[in-house]
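Please have the sequence and the structure at hand.

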Amino acid sequence: MEKPELVVISGSPHLGGSTEKLVFNWLGSVRDEFFLVQLSQTNFYPCLGCQQCMESNSLGECVFGPKDEVNFVFSKLALGQKVVLFAPIYFYHLPGKLKSFLDRAQSFYALKIHKRLKTNSGKLKVVLLAGRSKGEKLFSGAELTLTYFAKIFDLEVTCLNLRGIDSPKDVSPAVLERVFSFLLG
Ligand SMILES: Cc1cc2nc3c(=O)[nH]c(=O)nc-3n(C[C@H](O)[C@H](O)[C@H](O)COP(=O)(O)O)c2cc1C
């Protein structure tokens, strides 16, 4: 059987920030082939809520189709992939650019609820970084969104939540070690 492709989503809009430091350090150790989506360098259309994808004569069809790479990325997620997503916490949630990216999964959700989406069961590993060291619900919003996003693609989610990472210099060797061992498992 063909080895599943590793899809890596770097979900921060901040070029050269904490998230990217973590992503690129980890990618330096990855032996498998991977497909990287670097959100800080990616332009795409946000979901318009037009509901074309929900209509029976255009079920699952996004008005943006192949105009950007989003549908292509999501079709990879449906095929039993190993997916790793890194994201910072902004205002107790995922950054707006990443949320806009995830919203585009609505056309796949449309197929899913009509049992027209073929998926294999894959895994979604998530690494979340927050500047604050405290806050009971710091990661709750992000986790909720990602849990329901993952259900569309039948991905089983596990999260590693890192606190006190407010700049690239906070991405210490100890932090990298935690991330490496989480992603190995
Ligand atoms: C707009 C914005 C909102 C933020 N909101 C939070 C927050 O609610 N809680 C928190 O712990 N850190 C918050 N932070 C800090 C970031 O989580 C932290 O600096 C992170 O390391 C940024 O990663 P990046 O460099 O990849 O953007 C916020 C940062 C920004 C830019």
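Phe-86 counts as buried, because 26 C-beta neighbours lie inside 10 Å. The cut-offs behind that word are these: a residue is buried if 20 or more other C-beta atoms lie within 10 Å of its own, exposed if 12 or fewer, and partly exposed in between, with C-beta atoms placed from the backbone. The model is a predicted one, in which local features need pLDDT of at least 70 and side-chain atom pairs count only at pLDDT 80 or more, while totals for chains, interfaces and linings use all residues. Residues are numbered from 1 along each chain as its sequence is written.

Phe-86 is part of strand S3. Helices (H or I, at least four residues) and strands (E, at least two) are DSSP runs, numbered from the N terminus. Which residues does Phe-86 contact, leaving aside its neighbours within four places in sequence? They are Ser-10, Gly-11, Thr-19, Leu-22, Val-23 and Val-127; a contact requires C-beta atoms, placed from the backbone, within 7 Å of each other. Thr-19 is 67 residues from Phe-86 in sequence, yet the two are 6.6 Å apart in space, C-alpha to C-alpha.

The wider layout comes next. The protein has six helices and five strands, and from the N terminus on the elements run β-α-β-α-β-α-α-β-α-β-α. Its radius of gyration is 16 Å, close to the 16 Å that the globule rule gives for 185 residues, so the protein is as compact as a globular protein of that length. The radius is taken over C-alpha atoms, and the rule is 2.2 Å times the number of residues to the power 0.38. Along the principal axes, the C-alpha atoms fill a box of roughly 50 × 40 × 30 Å. Buried residues make up 31% of the 185 residues. Among contacts with a separation of 6 or more, 79% join residues 24 or more positions apart.

In soluble globular proteins, nonpolar side chains tend to be buried together. Here the largest nonpolar core has 40 residues, and Leu-85, Val-127, Leu-128 and Leu-129 touch the most other members. Such a core is a set of buried Ala, Val, Leu, Ile, Met, Phe, Trp, Tyr and Cys residues joined through C-beta atoms within 7 Å. The elements that each supply at least two residues of this core include strand S1 (6–10), strand S3 (82–88), strand S4 (122–129) and strand S5 (155–162), along with helix H1 (18–27) and helix H5 (140–152). Leu-85 touches Ile-9, Gly-11, Leu-124 and Val-126, not counting residues up to four places away in sequence.

In H2, Val-70, Asn-71, Phe-74 and Leu-77 are buried. Seen down the axis of H2, these buried residues fall within an arc of 110 degrees, so they line one face of the helix. The arc is that of the directions from the helix axis to the C-beta atoms. An α-helix has 3.6 residues a turn, so residues three or four places apart point the same way. The buried residues of H2 pack against S1, S3, H3, H4 and S5.

In helix H4 (residues 106–113), Ser-107, Phe-108 and Ala-110 are buried. They cover an arc of only 150 degrees around the axis, which puts them on the same side of H4. What covers them includes H2 and H5.

Most residues other than glycine have a negative phi. Tyr-92, in the loop between S3 and H3, has a positive phi near 65 degrees. Asp-154, in the loop between H5 and S5, also has a positive phi, of about 55 degrees, although it is not a glycine. With 17 C-beta neighbours inside 10 Å, Asp-154 counts as partly exposed.

Notes. Contact = placed C-beta atoms within 7 Å.
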